[in-house]
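Please consult the sequence and structure shown here alongside the text.

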Amino acid sequence: MAYVARSEAPLCSEQFGSGTARGCRAAADGSLQWEAWGRRWWGFSGAFTTKPGGRDGGERVAPGTAVPPLSRLLAVFLPQGFPDSVSPDYLPYQLWDSVQAFASSLSGSLATHAVLLGIGVGNAKASVSAATATWLVKDSTGMLGRIIFAWWMGSKMDCNAKQWRLFADILNDVAMFLEIMAPIFPICFTMTICISNLAKCIVGVAGGATRAALTMHQARRNNMADVSAKDGSQGSPPAPIPSAIFQETLVSLAGLLVSLLMLPLVSDCPSLSLGCFFLLTALHIYANYRAVRALVIETLNEGRLWLVLKHFLQRGEVLGPASANQMEPLWTGFWPSLSLSLGVPLHRVTSSVFELQKLVEGHQEPYLLRWDLSQSPEKESCVIVRETHQVLDKLFPKFLKGLQDAGWRTENHQLEVDEWRATWLLCPEKKLL
């Protein structure tokens, strides 16, 4: 005969994600009883009992079925394990991102209405062949622009994801403005919508690439797919990205419903339509700025490294990620005050054996430094490089420890690095460059 130990002390405690912790006790009849110890907005409440299945023919009662309705609803739109499974900036970013998606959805409805009006929808004299040709030219221009832009700027978007995200949203507003203005100038209609679609395709590349980079930052449990899916269920990207998940989202649906009410009111008055567009565009840009500014990325790109290093050299302290991200320039982040080139070919560093020996001597680090010769004489450049190595040997260990203590992730970075590397064949034990 088996006996069940009964004790007033809990047998164990458990919790679902970051929800309410609850204790498990042995009940008098040999069953397990769960009792909530605390209460959170998505935690369990009350007591639950389960009987051992098969002993008395009873079924097991799942101890966790009494989840509040609000928690079930939020679970549809938030990643599993929220808030522990995502970065701390996830919620403020998503709130502002949803606002911008709503404003962009309404602006897009106005722009679509204008384009359809321009190609002759509702006009008995309009030619189907001409409208089809215009649409094909528009799409072809956008496809070509997407290919060229992805080749030209694809590798740079990881380094400045916040700036490129803001750029994509502003360019999307410009594209929609061109679409709204296109019917006003019918002679230039085809050229205008081609330029607009070219801009929208660039927006699609930049918006999709930066969204992937930001999702990688926010996913903290190798849950990129879940974070990306829930991001799609909350709002939509700045431009139509070919993915079904973005087409049936909460924010987009709300935008469509409001658009159905708005369009009949403004369609007969171009000035009113344009005024609504400007108001929505202002809201869209402001919400995007707040969303991007809410991001706290813990890896260093060139802009954040410059801010942190400057503060360290001036005050001997390392800025934390929150402070550096608040100071990071968003509008001018594409043009840093100091140009830094990493992974360049050897001929850009030196052109003679004598210069190479000067750059190598005095240190054992696996890289070569070279100051831009256009900004200093050659002899002065060698002095600057030698003194730089001396400063690095003295300060870098302290700087690296300060970065780690401040919360920066030093195992990777977001600096733009080219693919050139060198191995010294005559002295392989020296270094790998």
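## Surface, cores and charged pairs

Ile147 is exposed, because its relative accessible area is 59%, and over 50% counts as exposed. The model discussed here is a predicted one. Ile147 belongs to helix α3, which spans residues 128–153. Together with Leu144, Ile148, Trp151 and Trp152, Ile147 makes a nonpolar surface patch of about 660 Å².

In soluble globular proteins, nonpolar side chains tend to be buried together. The largest nonpolar core of this model has 12 residues: Phe149, Met153, Met157, Trp164, Ala168, Leu171, Ala175, Ala199, Ile202, Val203, Val205 and Ala206. Helices α3, α4 (161–181) and α5 (189–218) each supply at least two residues of this core. The largest share, five residues, comes from α5. Setting aside residues up to four places away in sequence, Ala199 touches Leu171 and Ala175. Apart from this core lies another, of 11 residues, which includes Leu106, Met262, Cys276 and Phe277.

Two further buried positions may be considered individually. Thr134, like Ile147, is a residue of helix α3. With a relative accessible area of 13%, Thr134 is buried, since the limit for that class is under 20%. Its contacts, not counting residues up to four places away in sequence, are with Phe189, Thr190 and Ile193. Leu78 is found in the loop between α1 (69–77) and α2 (90–118). Leu78 is likewise buried, at a relative accessible area of 13%. Although Leu78 and Asp226 are 148 residues apart along the chain, their C-alpha atoms are separated by 8.8 Å.

The cysteines are considered next. A disulfide is a covalent bond between the sulfur atoms of two cysteines. The count of disulfides in this model comes to zero. Cys24 is in no disulfide, and the nearest cysteine sulfur, that of Cys12, is 4.4 Å away. A pair would have to lie within 2.5 Å to be counted as a disulfide. Cys24 counts as buried, at 4% relative accessibility. For Cys276, the closest cysteine sulfur is that of Cys269, and the separation of 9.0 Å is too far for a bond. Cys276 is one of the residues in the 11-residue core.

Side chains of opposite charge can pair when their charged atoms come close. The structure holds 11 salt bridges.

| Salt bridge | N to O distance |
|---|---|
| Glu416 and Lys156 | 2.7 Å |
| Arg220 and Glu298 | 3.0 Å |
| Asp169 and Arg165 | 3.1 Å |

The bridge between Glu416 and Lys156 links distant parts of the chain: Glu416 is in the segment after α12 (378–406), Lys156 is in the loop between α3 and α4, and the two are 260 residues apart. Both partners are partly exposed: Glu416 has 40% relative accessibility, and Lys156 has 26%.

Arg220 also forms a salt bridge with Glu298. Arg220 lies in the loop between α5 and α6 (224–234), and Glu298 lies in the loop between α8 (270–293) and α9 (302–315), so the pair ties together parts that are 78 residues apart in sequence. Arg220 counts as partly exposed at 33% relative accessibility, whereas Glu298 is buried, with a relative accessible area of 13%.

Salt bridges that share partners join Asp97, Arg165 and Asp169 into one network. Asp169 is buried, with a relative accessible area of 1%. Arg165 also counts as buried, at 1% relative accessibility.

How values were computed:
Residues are numbered from 1 along each chain as its sequence is written. This is a predicted model: local features need pLDDT of at least 70, side-chain atom pairs count only at pLDDT 80 or more; totals for chains, interfaces and linings use all residues. Side-chain values use heavy atoms; hydrogens and water are left out. Patches are made of residues with over 30% relative accessible area and no salt bridge: like charges are joined within 9 Å, nonpolar side chains (Val, Leu, Ile, Met, Phe, Trp, Tyr) within 5 Å. Accessible areas come from the Shrake-Rupley method with a 1.4 Å probe; for residues, only the protein chains shown count as cover. A salt bridge is a side-chain nitrogen of Lys or Arg within 4 Å of a carboxyl oxygen of Asp or Glu. Helices (H or I, at least four residues) and strands (E, at least two) are DSSP runs, numbered from the N terminus. Buried means under 20% relative accessible area, exposed over 50%, partly exposed in between (1.4 Å probe, protein chains only). A nonpolar core is a set of buried Ala, Val, Leu, Ile, Met, Phe, Trp, Tyr and Cys residues joined through side-chain atoms within 4.5 Å. Contact means heavy atoms within 4.5 Å.
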